[in-house]
Amino acid sequence: MTSALSESDRAALRTAFQMPAGQTMMSRSSTLTNAFVASLIPVIEPTPEEIAEALGILGMSPTTVRCAYCGDTSSEWDHLRPLVVKRRPTGFISEIANLVPSCGKCNQSKGNKHWLKWIRSNAPLAPARRGVADIEQRIERLSAFEKWRDVQPIEFEKILGRDEYHAYWASLEQVLDSMRECQQIANDLKRRIIEAHIR
Ligand SMILES: [Zn+2]
């Protein structure tokens with residue numbers, strides 16, 4: 001039956017199918033790192049007055065909240081300054097002066113990049129690449145927001161002491177090492193399953 005398929009049929013069928021994304025243990029390693037960072041950082045709930053001030057700087061009101069980066073419908077508030085860079089906390093936290101409304105596309109695309117570099121970049125789904133018309137005005141608003149409060153990174157290591165701080169990150173490395181070991185065991189078991197299954 002398959003021999004009756006033309007080349008274009010075969011191409012169309014391949015496009016129609018998509019294998020669900022497989023997950024390995026190591027594909028969860030950045031999630032784990034993020035969890036280690038997120039578990040440390042303070043989360044400060046804003047007052048309604050602070051929310052009003054933040055929205056005002058961004059040129060929005062509670063009824064006109066949009067993604068600050070591209071103007072699409074916002075679905076979340078994104079950390080303007082990233083919390084994690086190179087697998088360690090930057091010292092910035094979840095507080096109103098570091099959060100702006102964002103759409104999922106922008107949040108995903110921005111990742112832990114610097115917002116200004118990213119917004120003008122050619123990164124997939126970045127506002128410049130998507131041709132957002134009022135990008136310069138958005139940059140102006142976001143720059144004003146960035147200056148709103150004198151936000152400085154918290155020096156976690158200074159507060160906690162070098163030893164305790166480094167012990168915490170060593171425990172992350174231990175967990176990652178165990179995951180790598182488990183992954184190797186799983187790879188071997190899977191190979192044997194495939195061999196038995198194909199016979
Ligand atoms: Zn957006």
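**View 1. The loop around R87.** R87 counts as partly exposed because 16 other C-beta atoms lie within 10 Å. By the cut-offs used here, a residue is buried if 20 or more other C-beta atoms lie within 10 Å of its own, exposed if 12 or fewer, and partly exposed in between, with C-beta atoms placed from the backbone. R87 sits in the loop between strand 2 (84-85) and strand 3 (88-89). Its phi is positive, about 65 degrees, although R87 is not a glycine. Most residues other than glycine have a negative phi. The model is predicted: local features need pLDDT of at least 70, side-chain atom pairs count only at pLDDT 80 or more, and totals for chains, interfaces and linings use all residues. Residues are numbered from 1 along each chain as its sequence is written.

**View 2. The loop around L125.** L125 lies in the loop between helix 5 and helix 6. Helices (H or I, at least four residues) and strands (E, at least two) are DSSP runs, numbered from the N terminus. L125 is a residue other than glycine with a positive phi, near 70 degrees. With 15 other C-beta atoms within 10 Å, L125 is partly exposed.

**View 3. Strand 4 and its pairing with strand 1.** Strand 1 (residues 76-79) pairs with strand 4 in the antiparallel sense over four bridges; pairing requires that DSSP finds at least two bridges between two strands. H79 has L99 of strand 4 as its bridge partner. L99 and P101 point one way from strand 4, while V100 and S102 point the other way. All four of these residues are buried.

**View 4. The largest nonpolar core.** This core has 15 residues, and those with the most contacts inside it are L58, C67, A68, Y69, C70, V100 and C106. A nonpolar core is a set of buried Ala, Val, Leu, Ile, Met, Phe, Trp, Tyr and Cys residues joined through C-beta atoms within 7 Å. Strand 4 (99-102) and helix 5 (115-119) each supply at least two residues of the core. Leaving aside neighbours within four places in sequence, L58 is in contact with A68, V100, R141 and F145; a contact means that the C-beta atoms of two residues, placed from the backbone, lie within 7 Å.

**View 5. R141 in helix 6.** R141 belongs to helix 6 (residues 135-147) and is partly exposed, with 17 C-beta neighbours inside 10 Å. Neighbours within four places in sequence aside, the contacts of R141 are I57, L58, G59 and A68. R141 and I57 are 84 residues apart along the chain, and their C-alpha atoms are separated by 6.6 Å.

**View 6. Helix 8.** Helix 8 (residues 162-198) has 37 residues and should span 54 Å at 1.5 Å a residue, which agrees with the 54 Å between its end C-alpha atoms. The expected span is 1.5 Å times one less than the number of residues. The number of buried residues in helix 8 is zero, so this helix lies largely in the open.

**View 7. The two domains.** The protein chain is divided into domain 1 (38-154) and domain 2 (156-199), with bounds from an automatic or database domain assignment. Their C-alpha centres lie 32 Å apart. Along its principal axes, the C-alpha trace of the protein chain spans about 70 × 55 × 25 Å. Of the 199 residues in the protein chain, 15% count as buried.
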